[in-house]
Every structure is written in structure tokens, then in C-alpha cells.
Amino acid sequence: MALDETIFLTGFPGFIAGRLVKRLALEGARFLLLVQPAFMARAREEAARIAVEANAPADNFQLLEGDVTQADLGLSNVDLELARDRATILFHLAAIYDLAVGRELAMRVNVEGTRNVNRFALEKLGKLRRYHYVSTCYVAGLRTGSILETQLKHDAGFRNFYEETKYLAELEVEELKAKLPVTIHRPSVVCGDSRTGETAKYDGIYYLIHYLRMQPALLSLLNIGNKDVRLNLVPVDFVVEAMAALANDERAIGATVQLADSAPLTSRELFDTIAHTIAGHPSRLTLPAKLVYTTLTLPFSPKITGLPRPAVPYFFLKQTYDTTIAQQLLAPHGVRCPPFPTYVDNLVTFEIGRASCRERV
């Protein structure tokens, strides 16, 4: 189905944003892409590449220099008029995705930036028909158990300022649902493309892949996973397909959808799945979870394992994410999250290829 819309999008040319633009360009969408000055050269290259691959006119991708932390998103008067006259769909992806981010920067970008985008949507985009905000499942903070898509407010606390500020930002967008046709998307841990393994984001499950690749035969024997913890992974192509499917789906207006695996593996199962791919066999013994946690939080551990200390808690997180609303909305579009075992080989193969190229250089 053709998407005869002009989409104003923040966060280009980021990891998810670039792929989302290409996916929507294949449907015929036009774009007003908000780009920070520091990323303008890269954005031009990315937009040109997407235009060729999507067989779309180059002028379907207009780059607007600006910044979500500024009033009117830092846009010139000319670009403000352009957005006012043309934008019908808004995707807000711009954020600081860093578990170690300081509070001041996180508040400025994630919270104040979202307030500015909200104000922009309300006051400047008179033709706006849909507003899509990209949040995260980890707005749940230190809560445990099953996290529903309809749940947001809590006082359980947070592991870091990334979680806290994304939570505060989502609160702002949630209130906007009474005034605008809003859909909130909460991805879990995003990894590479399930079909090609391609990624530009080497965190999350990649820490475990890197760890096992250091000494496959030896390290694969001792499982450092946990049978009581499920690490929820979603490939980037699923996240992009889900957002593209709901871009113009009126059933998603007012909804919050958790773009997560409905049947995630435990971290122990993840370890064995990756170990089998890399070493050809599963583990022989599982180390006590308390011992693993203590070891990973020691000062010297990141230099040995490659796992930064701020990321350690996510491998011991006792949360699950209900995806009932997401599945109901995505089922008619034929979009579902693939099981991790069906694409782990592609993730590992891509990572090995990337490492080999880096070594040759």
C-alpha cells in the first residue's frame, strides 16, 4: 500500500531511524529529516544511499538542520514553514541511548527535547495526523514481574539516568494522547537484522558474543547465564517493520505497544544458543548467579569481559514485557518477532566478518 504522506522524523541518521526511513521510503513516503549540524555530512550520504536503494527521488528526502533541545527544534523560518505546510506524520526517535549518560545531558535531550517536540507537534504542525514516539521497555525501571503495555507510572526507581529520563519523557507524551493522535513504541533490547545480521550497535547481546569469541572452547563450558532471568531481544528489522506497519494504522492511535519478544529465552538459554553457534556445543556447567554478578561488577571485570559495569544489571533483570496490544495490532500486518535461535547464526556471522575486516585493516 502506498504511503502518500510527508513524515517529519527526528534522530536521523541513527541506528533505527535510518532503517525506518528506508522502509517507509519503499512505500512512497516523503521526508523532512531533522539533523544535528554535526551529523549533516553523514546524513547527506545516508539519504543519498536510501534514495538509490528505495528507487525514490532524491528530493523526497529533505534534510533540515536543527536540534530537539532548542525552541522550534532550532529550525530556520523557511524550514518551519516547510514543516507546517507538509508534515502529516511525526516520528520522534532522537534521544541519548547511553546507560552511562549523566543526568544533565539526559534531561536536556530526552526530557526537554521531547517537550520541545511535543510543543512543535501541537503548535506548528497543523496538518499532523499521527505522532509516533519511540520510548523503551526500560521505563519500567526497577519494577519486577510482568510489565503491561498499559502501565507506566511507578515509584520503584531506576538503574540509571537513561531509564529515568526516558520514563519522564514518556509521561510527557502520554499526557499528549488527550490532544493528539499518539502512538508510543517501546522496544526492548535491539540487536542486528535477523536476515543479514547487520548492525551498527554493538551492545546488549553482543557483549556475550564477544565474550564467547575470546576463547570459544574454554569459555563456552561454563555458563554465566541465569535460569530465572529473561533477556528480551528484538532484531532491528522487526522493530522497523512494526513501526512502519503502524505508521498509518488508525487502530494504533492512543496505544502504547511493547515491541518485545513474547517468548524470550532465559540468559542461560541465550548463552547456550550462542555457545552452540560459536563453539559447536552448549555449556557443561552453570555458574552460580551471585558469583557471576559479583565478578562482573569488580573494577577489573570490564577489561576482561568487555561488559561495561552499567550494562551488568540488564543480564539479571527480572522483568517480562507483555505484548498483547502489540500482537493484536501487528497480526493483521503479518508482523511478528522471530525467535532468537532462528537468527543467532546471522548475528554471529556478521560480527565475525566485521572483526575480520577490522583485523585486516
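Start by selecting F238. Leaving aside residues up to four places away in sequence, F238 touches L259, A260, L330, V335, R336, C337 and P338. What you have open is a predicted model. F238 belongs to helix α8, residues 236–246. Its relative accessible area is 7%, under the 20% limit, so F238 counts as buried. From C-alpha to C-alpha, F238 and T6 are 23 Å apart in space, and 232 residues separate them in sequence.

**Stop two: ring pairs**

Next, show the aromatic side chains. The model has nine aromatic pairs. Select F8 and F120. Their ring centres are 5.0 Å apart and their planes meet at 45°, so this pair is tilted. F8 sits in strand β1 (residues 6–10) and F120 in helix α4 (residues 103–123), so the pair links parts of the chain 112 residues apart. F8 and F120 are both buried.

Move on to F158 and Y167. This aromatic pair is tilted too, with 5.1 Å from centre to centre and 50° between the planes. Which of the two is buried, and which is partly exposed? F158 is partly exposed, at 23% relative accessibility. Y167 is buried, with a relative accessible area of 7%.

Now select Y138, Y314 and Y321. Ring pairs join these residues into a cluster. R159 lies over the face of Y314, 5.4 Å from the ring centre.

For the largest cavity, select L231, L233, D261, P264, L265, L270, F340 and Y343, which line it. The volume here is about 40 Å³. Seven of the lining residues are nonpolar, none is polar and one is charged.

**Stop four: a covered helix**

Select residues 205–214, which make up helix α6. Seven of the ten residues in α6 are buried, so the helix is mostly covered. The buried ones are I205, Y206, Y207, L208, I209, Y211 and L212. Look along the helix axis as you check them. In an α-helix there are 3.6 residues a turn, so residues three or four places apart point the same way.

**Stop five: backbone details**

Switch to the backbone and select F12 and P13. The peptide bond joining F12 and P13 is cis, with omega of about 10°. P13 lies in the loop between β1 and α1 (15–25).

Then go to the loop between β3 (61–65) and α3 (77–86), where D72 is found. D72 is not a glycine, yet its phi is positive, about 55°. L73 is in the loop between β3 and α3 as well. Phi of L73 is also positive, near 60°.

D72 is partly exposed, with a relative accessible area of 31%.

Notes:
Residues are numbered from 1 along each chain as its sequence is written. This is a predicted model: local features need pLDDT of at least 70, side-chain atom pairs count only at pLDDT 80 or more; totals for chains, interfaces and linings use all residues. Side-chain values use heavy atoms; hydrogens and water are left out. Rings of Phe, Tyr and Trp (its six-membered ring) pair if their centres lie within 6.5 Å; planes under 30 degrees apart count as stacked, over 60 as edge-to-face and the rest as tilted. Helices (H or I, at least four residues) and strands (E, at least two) are DSSP runs, numbered from the N terminus. Buried means under 20% relative accessible area, exposed over 50%, partly exposed in between (1.4 Å probe, protein chains only). A charge sits over a ring if NZ of Lys or CZ of Arg is within 6 Å of the ring centre and within 35 degrees of the ring normal. Contact means heavy atoms within 4.5 Å. On a 1 Å grid over the protein atoms alone, a cavity is a set of points where a 1.4 Å probe fits but cannot get out, and a pocket is an open set with protein on both sides within 12 Å along at least five of seven lines; lining residues have an atom within 4 Å of a point. Grid points are joined across faces, edges and corners, and a volume is the space filled by probe spheres set on the points. Ala, Val, Leu, Ile, Met, Phe, Trp, Tyr, Cys and Pro count as nonpolar, Asp, Glu, Lys and Arg as charged, and the others, Gly among them, as polar.
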